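Please read them alongside the coordinates.

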Amino acid sequence: MKTGLIFILLAFTRTAYSQDTLRLSLAEAVSMAKASSIASKQAVTVKETRYWEWRTYKSNYQPQLALNGNLPGYQKTFNQVQQPNGTVEFQPVHNNNSSLNLAFSQSITPTGGKIYGATELQRFDDFDRKNTLYNAIPYTIGYQQPLFQFNKLKWDKRIEPLKFSESKQNYISAMEQIAVTVSGYFFDLLLAQVNFQIAETNLQNTLQIQKIADEKFNLGKISKNEILQLQLEHLKSQKAVGKARRDMEIAMLNLRSYIGLQEKGKIELVLPPSAINMEVTAEKVLAEAYVNNANAIAFIRKVIEAKRDVAQAKGDNGLNATLTANLGFANRASTIPKVYTAPQNQQLVSLEFAIPILDWGRSKSRTKTAEANLRFTEYAVEQDKQSFAQAVTTQVTLFDMMKDQVALSAHADSIASEKYQIAQTRYVLGNLSITDLSIAFQEKDQAKRDYVVALRDFWGAYYELRYLSLYDFEKNEKIHYN
């Protein structure tokens, strides 16, 4: 099956690598990239950012406690004072007006209102008159309720959990995308190494055949034209070796840079297996994708966000009102103990409102625009769902096709290698032309490249399936990362 390619890679190991060579499999390269690459660090940073955004959102529903103060509130100056006759005089002011306020609040999600309470102490010192007064609110409690307005807390409670779930799945997707990218770099280098060894092997074979051809020419068995053709093939082989070496070094640098490999030296790639012990169906992959993929969560979130925008447009229609009710106690005295003795009750009830009389259809236009955007979002999400399902189904089909292509390419590689050996023997014996030998050269080389390309497509399709579904079909479990 793939004997020819394995022989090439083993020969490459013996001739091109030294003791400081790092043997690296595809799975090891993927693991290194997930642990050390810049892409993985970026994914972790985004994950942490989304986590703290989630914590910020959660804090909006928790009681808030704050201490405010003005200590000291000392001033010594002249203030403008308007007299009864309309004139202005500047009176000296020398006082201290300090205060402390401890307040709490708790949002009420279903209504969008807020319960609040506070305790406050204020001290005023008049240094010119040597007088001290205290004003205190031992406690007060109240409720503030917006009327006919958009309830942001209620909608955030529907949307933010989806965003957080989406961010967690996006992190897993980012890590699986790293595997897809590493697979590409890995096979870029593998193909470059195979091309380099093919070029070196062809150069050696060309030299051997040229020696045989020179002997035949001296014996008059072949023409000068055939000698010139072999010399041209020799020059082409030398150029091919130089180009293949350059491509290999570039591909090695790209892989090393992406996976975050710090060690110096060569990299020896281990040929990945040509089969994976797993069975997949389009139905299974699609079911897991709709449960795990961040895009599936985004489908739901986008529609809810569009509905939120409609609710906000209707709520911000210009008719705004706020009802506030407050009950507590207050007192004033010359000392702190007295200020908390027999305080007087205080009450507050207010209804603030604003009603637009004429807005020339502005509120209606905003509402209609939001409703149109909702319909557009629903259509776009439906189209995205269809495209997503098509992408998943296509990837499953591609994976099944690639399994067959790997087997066929391996068989073709074996046949082409055997055919080349026969052609080389026949040329030495003199019953094969240089043209036919060159064709056998090319077929052998192309068969080896085709096998590596088939492996690349196979493993690329495998990692794409993981990326789309976020499911490990080998272990039959969802993909998780700490």
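Predicted model: local features only at pLDDT ≥ 70, side-chain atom pairs only at ≥ 80, totals over all residues.

1. Residues are numbered from 1 along each chain as its sequence is written, and side-chain values use heavy atoms, with hydrogens and water left out.

2. The protein chain has an average pLDDT (the predictor's confidence in each residue, from 0 to 100) of 86, and 91% of the residues score at least 70. Over residues 1–18 the pLDDT is below 50, yet this stretch has 40 contacts (heavy atoms within 4.5 Å) in the model beyond near neighbours in sequence.

3. Helix α2 spans residues 26–36, and its buried residues are Leu26, Ala29, Val30, Ala33 and Lys34. Buried means under 20% relative accessible area, exposed over 50%, and partly exposed in between (1.4 Å probe, protein chains only). Seen down the axis of α2, these residues fall within an arc of 130 degrees, so they line one face of the helix; the arc is that of the directions from the helix axis to the C-beta atoms. Helices (H or I, at least four residues) and strands (E, at least two) are DSSP runs, numbered from the N terminus.

4. A nonpolar patch on the surface has about 1,200 Å² of accessible area together, its members including Phe148, Leu319, Leu323 and Trp360. Patch residues have over 30% relative accessible area and no salt bridge; nonpolar side chains (Val, Leu, Ile, Met, Phe, Trp, Tyr) are joined within 5 Å, like charges within 9 Å. Strand β9 (residues 344–354) gives the most to the patch, with three residues. Leucine 323 is in strand β8 and is partly exposed at 36% relative accessibility.

5. The structure holds 21 salt bridges, each a side-chain nitrogen of Lys or Arg within 4 Å of a carboxyl oxygen of Asp or Glu. One of them joins glutamate 200 and arginine 245, with the closest N and O atoms 4.0 Å apart. This pair links distant parts of the chain, helix α4 and helix α5, 45 residues apart.

6. Within helix α6, lysine 284 and glutamate 288 are four residues apart, about one turn, and form a salt bridge at 3.1 Å, N to O. Lysine 284 is partly exposed at 33%, whereas glutamate 288 is buried at 10%.

7. Arginine 466 and aspartate 472 form a salt bridge at 3.3 Å. Salt bridges that share partners join Lys34, Glu176, Arg466 and Asp472 into one network.

Methods
Areas by Shrake-Rupley, 256 points an atom, 1.4 Å probe, with all protein chains shown as cover.
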